[in-house]
4 protein chains.
Amino acid sequence: MSNKKVLQEQFFQTRKRSEEICAPLEIEDYVPQPMVDVSPPKWHLGHTTWFFEAFVLEPYSKGYRLYHDDFAYLFNSYYNNAGERVLRPNRGLMSRPPVREVMAYRAYVTGQMLDFLGKNPDQEVLDVIEIGINHEQQHQELLVYDIKYILGNQPIFPVYGKGFSLSQEEKRGFVKVGGGLYKIGAEGEGFCYDNELGQHEVLIRPFEIAVNLVTNGEFLEFMEAGGYKDFNYWLSEGWDYINKENITAPLYWHKHKGEWYSYTLEGFEMLDLSLPVQHVSFYEAYAYAEWKGMRLPTEFEWEAAADKLNWGQLWEWTYSAYLPYPGFEKAPGALGEYNGKFMSNQNVLRGASVATPKGHSRKTYRNFFHASCRWHFSGFRLIK
Amino acid sequence: MSNKKVLQEQFFQTRKRSEEICAPLEIEDYVPQPMVDVSPPKWHLGHTTWFFEAFVLEPYSKGYRLYHDDFAYLFNSYYNNAGERVLRPNRGLMSRPPVREVMAYRAYVTGQMLDFLGKNPDQEVLDVIEIGINHEQQHQELLVYDIKYILGNQPIFPVYGKGFSLSQEEKRGFVKVGGGLYKIGAEGEGFCYDNELGQHEVLIRPFEIAVNLVTNGEFLEFMEAGGYKDFNYWLSEGWDYINKENITAPLYWHKHKGEWYSYTLEGFEMLDLSLPVQHVSFYEAYAYAEWKGMRLPTEFEWEAAADKLNWGQLWEWTYSAYLPYPGFEKAPGALGEYNGKFMSNQNVLRGASVATPKGHSRKTYRNFFHASCRWHFSGFRLIK
Amino acid sequence: MSNKKVLQEQFFQTRKRSEEICAPLEIEDYVPQPMVDVSPPKWHLGHTTWFFEAFVLEPYSKGYRLYHDDFAYLFNSYYNNAGERVLRPNRGLMSRPPVREVMAYRAYVTGQMLDFLGKNPDQEVLDVIEIGINHEQQHQELLVYDIKYILGNQPIFPVYGKGFSLSQEEKRGFVKVGGGLYKIGAEGEGFCYDNELGQHEVLIRPFEIAVNLVTNGEFLEFMEAGGYKDFNYWLSEGWDYINKENITAPLYWHKHKGEWYSYTLEGFEMLDLSLPVQHVSFYEAYAYAEWKGMRLPTEFEWEAAADKLNWGQLWEWTYSAYLPYPGFEKAPGALGEYNGKFMSNQNVLRGASVATPKGHSRKTYRNFFHASCRWHFSGFRLIK
Amino acid sequence: MSNKKVLQEQFFQTRKRSEEICAPLEIEDYVPQPMVDVSPPKWHLGHTTWFFEAFVLEPYSKGYRLYHDDFAYLFNSYYNNAGERVLRPNRGLMSRPPVREVMAYRAYVTGQMLDFLGKNPDQEVLDVIEIGINHEQQHQELLVYDIKYILGNQPIFPVYGKGFSLSQEEKRGFVKVGGGLYKIGAEGEGFCYDNELGQHEVLIRPFEIAVNLVTNGEFLEFMEAGGYKDFNYWLSEGWDYINKENITAPLYWHKHKGEWYSYTLEGFEMLDLSLPVQHVSFYEAYAYAEWKGMRLPTEFEWEAAADKLNWGQLWEWTYSAYLPYPGFEKAPGALGEYNGKFMSNQNVLRGASVATPKGHSRKTYRNFFHASCRWHFSGFRLIK
């Protein structure tokens, strides 16, 4: 297939996949926003559609008619609109437009995009479309996080279904990685984000890194040893955080009649001790490492070791701040806001998760979340 | 018709009416809770149903099977359940059970109640059912307020439909009411709440009261005279309130291209200056009266004058605190929590509104809201 | 002595008394504002002085020179100043002017006032001065509350000294009061506030009222019977309040090694069960009465019964909202803000306390606080 | 002088210096805590004293008698005490102990320390004392920040006095620094903190860096060009921060009658455009750099270039997160909490300021603050 054909197919599959992820939901599940980091599924579906409308169809497709004048306003996450408006949208309260209209909006834009792709657009536009596809894939992963959070906060713990469960890893101990200058970052073959660019050498000292992620069983030992109660293991902000939020276990863990259960997308289940521990904050990962007398890897160590590791089930907290690589340049215009403006007070996570769309993972990928986030699919591994 | 037949009919009509009120909604509109005073329509529908299950069917109907074990927990507004539960429900985040299941719950309980009413229950139970009907009627009125608030906070201002609009009143000036001892409160013929009972004499001084409610046009004069900016007209807490909340007009008023509009259930419309002003807090009513050199009536004055007034379009703020009548006694058990425990820091409103169900209004009725509330159907009249 | 001489003497004694109340303090104690209701002693001393400067000397004393241009701004509790200012004062952070300068300000204004009083001012001015004296007396009582709160929140519980302790009351049971029309409010002989005026008849039903206040020992029974844990005794807002604030005993009570202690101005002491219970909110008084199967008096019942009661040790919560008497008129200008604008969401307290200045109590006096306040010298009595 | 003699002299001078810094204060100025980052001067004086008592005298000086049993509790910033206590201290409300008693505490501990130093203590103890001296020096710098904040938030803008003013720098443009491996961190000769240790090589690319700090005049250009209003220049969190806090200029800048003034320790003065801009957050420094089309240095670039720069007037924001150097090890026990636990969500600042005590600055020093902090003596320089 030609490059354009590949993109067309990718585009079509990506659009379809977002809707498949939402298929098991009740209409009502598309609406709530149980915390500020979570967006209603309805919003994700509209926003990823608006991206193609705003950055491809409107500027490049002659005579394109907006599906609805207000939708740019409702589904734009980027700009504060200029002000003619009477009310500001609040995602979790936006019962309108209803889901069926968002779906119609999707169908319209998908159709228009396929027409447009049929007309041999320039490489410049194809590049934007590729970003749009990757953007929608990122939102697919967020959709899974957000759906889990919405359902997992229902008192009746509804079942979503299969497709995002973890597997037990074969235990393989620690592996040595030699010191030296390592090339870090993407060279720019194949798609990557601006934050990965600027491949550069980083001097790394020798280290030994675990091939596997820390498991529920191992984390439970930390809990039973009083790990959540001894401030010596915690970063100062982490200690404040768990005390203020009254955190004593990973997210979705519940003690019920003396046994540990966890909510998963397959329902409320007994905790499986052999699986990787999931839904911990950076602070909890750090405290576990301190308790164990080990440490978390930097993002550079992780990338240097990646080929020797079991990775891809959960995003892995690193002890690296999300900062620009040397020579980082953000793209001009709205797309320049994609990554750079978030480079402050966030931690880098490396790897991928069971919720990461196919073809969307690579070892140079730099994911980032605040140290206190727990609703994403996060785990961690140790360095001796 | 016998008393029982009347009640059966009332019950049936009341149940139907709640569902009619919700008929124009999208499924998505049943979910959000845009502020703490508002409950999602779904919750109202479940809660009024739970009332009959918990206070009639479970205690009195032999062999009654609960529709669902968890629903008592999800739709109870009264008690903090004992604690076996893992999560607390949060009304606006409860996407489950879906609307169709709440409707099935309603149908099941309505059916069981009709069966039960066919079996000649004791007067004691009929009394509870009568309370249950009145309880559901109160929630019907709240449903209208909450639906307006949910829709009125959508950036696209959807139309709900007809049925709850105000009419222009024939202007009739002020009427004199003589001083003396007036009987206040209900004698107990016909249904009334415990807070109306204890009919008692109150000594009232002569006064002159407006036959009509203050209008949008009159209120606009106050606004244009700088009423919201001069602290001399305001109660101290009212002044703090409007400044903290940045309030400069009644709720649902929007200035758009230099003209005043308001959101009504029929859509976003030019403000009709001849209609009664609606959606003002007690503080705004008080400030208007101060500006006008007049005052608001007490609830006793209102009741003494009621037969001479145009009333029934909007609940009317009085300058009376919601306190027990002499000799007030609350009912035993859970129903005793109905009114008494709210007798603190609230203002009495008298009258009724266009959202009040038929047969649910009487001149002894004591409605009550916090002085800062604006989302209910509130207006006011003056005393010279 | 002539009226003017009496006033001059009253003025002098009042000014001196404020300073005596502060005499046991360290300079550092004049500064903090540990909660929003509390003002630093320094501020009270300045504010009561500013009152005489702003309402007497400036308008009436020809050629009067302000002590300091900024002090009106710093010590005015009434107006939001027009805006030339760069910073807003925050009472608890105002380390400047230092105490010694506030004392100099006091001395200057006291001196100027005495000169002015020597010059035969008009009755109109004498009336303002009388208000100023009563105003300072009110602040003397607040000074005692605030000093207790400041010292009582030091981890080392410093001793203030004698002068404000309670005595055991001789137990005298309940007394009957007949029903009928009672005259309520002040006739206007002798000084009184605008909120007491408008003497009017109120119809009261017969009742039996306790001659004594509820004691620490009696209140402890309520606590030991689980009173703070059973929501049936509580007003809805009271229940929310004690749970949110984690309140399980009166303010200043501390359980230490299994025994109850309380902080008093004489230090940290074992709780004396025979003394009236102090520092309870209206909510706690209400809950106690509910538990006891009795109720709190209205302010009208209290006034009707006053001559038969032991009163004066503690302000007594009534179950009356603070509302205007019929025909209430507020004074013109700034002094009109004295009382009327607070008539919303407050409860009336009647009586007086050991912190009330001599000559400042009368049975028509209407004190008022929010139902949740506990730092003032409050207690309560019951009606059967 | 022997090493011990030097330390003894250093100790004595350091103790004296803390008191000199406070000498211009009124007693009242020692008390307030106007924001959570600021501590009352009284607390700094007590806490630095407690350090020597808790870490030197108690463990090492035989027969040492605590000055006061409660002071460890009141002046400990490290541990949550075990719980026998009735009340938790709240620094800004602690009027007791009074300043004169804190001064007596200082005198007692200083005296005991000098005695102890006279008795030839082991090197192990001398090391702790050296940390104690550096600890007190750090608090001396914080004292200056906090005093400025306390006085600068008085509406009357009191003068503190001379000693901490900035000077105009000779303008010297940009200087080139070559790429390569640079040694970063301290070798451990002379005192340094644990966070500087682990000297290691870092690969740096060539860059050009400004010899001078950005000035008030330059920053004003950014302001006048609308820099605070264009979100394109800002990190996402920075944009939220300035909008939430309503920040439109550096801290202590005030526009008064159309001219810019700033509060300095010498009083309220016209802004001197030639001086380095002070009291900006990292976010403001970043935005300025974006607007200028340049960037901030990393801490590694700064250290590599330090010998070529004018530095020492203001701490300089770097675009480096505060993270452990490779091989970082924290000290055992309480002193291990000194630095490591703060390595999260903070930015490194390099250099020193006019408030840095003599002998307390070196080019490997890693200072750190949250990106939003502005009350410390911060400025910045640019890289082309």
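At 5% relative accessibility, B:Y252 is classed as buried, where buried stands for under 20% relative accessible area, exposed for over 50%, and partly exposed for values in between, computed with a 1.4 Å probe and protein chains only. B:Y252 sits in the loop that runs between α7 (236-244) and β5 (253-256) of chain B; helices here are DSSP runs of H or I with at least four residues, strands are runs of E with at least two, and both are numbered from the N terminus. The phi angle of B:Y252 is near 75 degrees, a positive value in a residue other than glycine. B:N345 also has a positive phi without being glycine, in this case near 60 degrees, and is placed in the loop between β8 (315-321) and β9 (347-350) of chain B.

The model is predicted, so local features need pLDDT of at least 70 and side-chain atom pairs count only at pLDDT 80 or more, while totals for chains, interfaces and linings use all residues. Residues are numbered from 1 along each chain as its sequence is written, chains are lettered from A and ligands numbered from 1 in the order in which they are written, and side-chain values use heavy atoms, with hydrogens and water left out.

Backbone geometry is of interest in other chains too. The peptide bond from A:R96 to A:P97 is cis, with omega near -10 degrees, and A:P97 belongs to the loop between α3 (71-75) and α4 (99-117) of chain A. In chain C, the bond from C:R96 to C:P97 is likewise cis, with omega near -10 degrees, and C:P97 lies in the loop between α3 (71-75) and α4 (99-117) of that chain.

Helix α7 of chain A (residues 236-244) has as its buried residues A:S236, A:G238, A:W239, A:Y241 and A:I242. These buried residues pack against α8 (282-292) of chain A, contact being taken as heavy atoms within 4.5 Å. Just after α7(A), A:N246 adopts a positive phi of about 60 degrees.

Turning to chain D, D:E316 is part of strand β8 (residues 315-321) and counts as buried, at 1% relative accessibility. What does the side chain of D:E316 make a polar contact with? The partner is the side chain of D:W302, at 2.8 Å; a polar contact is a pair of N or O atoms within 3.5 Å, and within protein one must be able to donate a hydrogen and the other to accept it, with residues adjacent in sequence counted only if both atoms are side-chain atoms. Not counting residues up to four places away in sequence, D:E316 touches several residues, among them D:L213, D:N310, D:V348, D:R350 and D:F380.

D:C373 occupies the loop between β10 (367-369) and β11 (378-379) of chain D and is buried, with a relative accessible area of 9%. Although D:C373 and D:D37 are 336 residues apart along the chain, their C-alpha atoms are separated by 8.9 Å. Leaving aside neighbours within four places in sequence, D:C373 is in contact with D:D37, D:V280, D:S281 and D:W317.

In chain A, A:L203 is found in strand β3 (residues 200-204) and is partly exposed, with a relative accessible area of 32%.
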